[in-house]
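The structure is shown first.

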Amino acid sequence: MATVHLRIGDLVWGKLGRYPPWPGKIVSPPKDLKKPRGKKCHFVKFFGTEDHAWIKVEQLKPYHAHKEEMIKINKGKRFQQAVDAVEDFLKKAKGKEQNSDGKGDSKGKKTPNKPLKILEEDDEDLSALKDPSEKDLTDSDPEPSTIERLGAGPGSGFKWESSPVKDDPHFHHFLLSQSEKPASSMEPISKRLKIVEEVTGSTSIQAADSTAINGSITPTDKRIGFLGLGLMGSGIVSNLLKMGHIVTVWNRTAEKCDLFIQEGARLGRTPAEVASMCDITFSCVSDPKAARDLVLGPSGVLQGIRPGKCYVEMSTVDPETITELSQVITSRGGRFLEAPVAGSQQLSNDGMLVILAAGDRTVYEDCSSCFQAMGKTSFFLGEAGNAARMMLILNMVQGSFMATIAEGLTLAQATGQSQQTFLDILCQGQMASTFVDQKCQNILQGNFKPDYYLKHIQKDLRLAISMGDMANHPTPMAAAANEVYKRAKALDQSDNDISAVYRAYIH
């Protein structure tokens, strides 16, 4: 019976559920994150992702001793990127040690880990790491029933114990969001999270990373249909196919299907045919009218719905449209889920979207491998309509923010200030983000190639303002931004990127 002592700063292989082990390191959890009661576990940050998880001791292995073994059984692209990230980290750490004292161990013996010194740069978003000299976090040997020694010598491994939650195919790892007050409108996202909630006593688990360790996804055996191959839909379908899903596609402009047929997709002649052929049919179109027409129009989805068939609406539309579609689908015995996505064409292509789902919980669970292929995170928000509401609020904020940034750039120019210097200062402050940097750089370069259509963000602003009116809630900032986008549309910027709102200020 082997004893495994682990502490903060140790590199490990962490395993969650039935998914492959992933390289990570033990770090200090955020101060407001409670440690689960029950079995001993460590808080792990995974390389190559932004994911963290409490991992049970018996599901952890030392990184170096099992590296060769893990590389043999995991071949995914993102897995290799994660391993490369570990190696880069080790090289940097070694360089820091050499620079700090210039001393090496001539006998090749390992020196104790000093995580506080060597992990600081890589863990800037977490609380400070504990001193490496503190007592090992593992208080006692792992339970004999969970770890078995398979052989002798440094290369021998442990047998991974199957996760107690055998029916949860959702998440590789996740970061629990906990607070003192419960979020009554937010249900736990998966069966695993529901169990974690019971163990930790938390009543406000709000999110879960479905992390796209896309190279190791086990695709569902259900037949997938996809309607709408626009900026977002094209990237989603491409990732579904790459991860081994069986996909039938349809698009109003049939030529857009050709590329995906070459990649292995099947062609549906009408939305009704796709829905009748497939177990789960997704759609991603431009606006509420297009979403309704796709379901209710001639040869529409509704004609192909039979009891048990699933329909997933991914378009960003208003809650009333979602309610209507949910009612007509379920009236035929179908099952309905809304799942609009936050992101852009680039994030869609990269499989890094954020999925907001609501409606039939069982459909959400059936879509697990699909959501992992297309996104980095998924949220389940309860009853149908909640995801539409949340999506409109998010896009209202994003659209208003983009308009304000454009206003700042043009005001800088009008007052004789350097726009590039404005951007440089902005990106060193609290508002620094990839979004700000990319959009502003594109503006300064005159590049308005669409990553998210300007006409669509204006539509979302309009729908958000209407939603505010119905709730008797003022939205003056969104209303002002909406007028700027309407002016940009009048200047023929509809099919350009949202950053083209800049042109509304210079004409």
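In this predicted model, strand E2 (residues 22-26) and strand E3 (residues 41-46) pair in the antiparallel sense, with three bridges. Helices (H or I, at least four residues) and strands (E, at least two) are DSSP runs numbered from the N terminus, and two strands pair if DSSP finds at least two bridges between them. Val44 in E3 is the bridge partner of Ile26. E2 also pairs with strand E1 (residues 11-14), again in the antiparallel sense, over four bridges. In that pairing, Leu11 stands opposite Lys25 of E2.

E2 is mostly covered, five of its five residues being buried; buried means under 20% relative accessible area, exposed over 50%, and partly exposed in between (1.4 Å probe, protein chains only). Trp22, Gly24 and Ile26 point one way from E2, while Pro23 and Lys25 point the other way, and all are buried.

As for the basis of these values, the model is a predicted one in which local features need pLDDT of at least 70 and side-chain atom pairs count only at pLDDT 80 or more, whereas totals for chains, interfaces and linings use all residues. Residues are numbered from 1 along each chain as its sequence is written, and side-chain values use heavy atoms, with hydrogens and water left out.

The chain has 17 helices and 14 strands. Of its 507 residues, 51% are buried. Among contacts (heavy atoms within 4.5 Å) between residues at least 6 apart in sequence, 67% join residues at least 24 apart.

Two packed helices are described by the angle between their axes and the distance between the axes. Helix H13 (residues 386-414) packs against helix H16 (residues 454-470) at an angle of about 120°, and their axes are 8 Å apart. Axes are lines fitted to C-alpha atoms, for helices over the stretch in contact, and angles run from 0 to 180 degrees between N-to-C directions. H13 and H16 are therefore oblique to each other, since angles under 35 degrees count as roughly parallel, over 145 as roughly antiparallel, 65 to 115 as roughly perpendicular and the rest as oblique.

On the H13 side, the contact is made by Arg389, Leu392, Ile393, Asn395, Met396, Gln398, Gly399 and Ser400; on the H16 side, by Ile457, Asp460, Leu461, Leu463, Ala464 and Met467. These residues divide into eight nonpolar, four polar and two charged. Here Ala, Val, Leu, Ile, Met, Phe, Trp, Tyr, Cys and Pro count as nonpolar, Asp, Glu, Lys and Arg as charged, and the others, Gly among them, as polar.

| Residue | Relative accessibility | Class |
|---|---|---|
| Ile498 | 1% | buried |
| Ser326 | 15% | buried |
| Ser466 | 36% | partly exposed |

Ile498 is found in the segment after helix H17 (476-490). Leaving aside neighbours within four places in sequence, Ile498 is in contact with Gln398, Met402, Phe435, Lys439, Tyr452, Tyr453, Leu454, Ile457 and Tyr485. The C-alpha atoms of Ile498 and Pro450 are separated by 7.3 Å, with the two residues 48 apart along the chain.

Ser326 lies in helix H9 (residues 319-331). Not counting residues up to four places away in sequence, Ser326 touches Phe336 and Ala384.

Ser466 lies in H16. The C-alpha atoms of Ser466 and Ala479, 13 residues apart along the chain, are separated by 9.9 Å.
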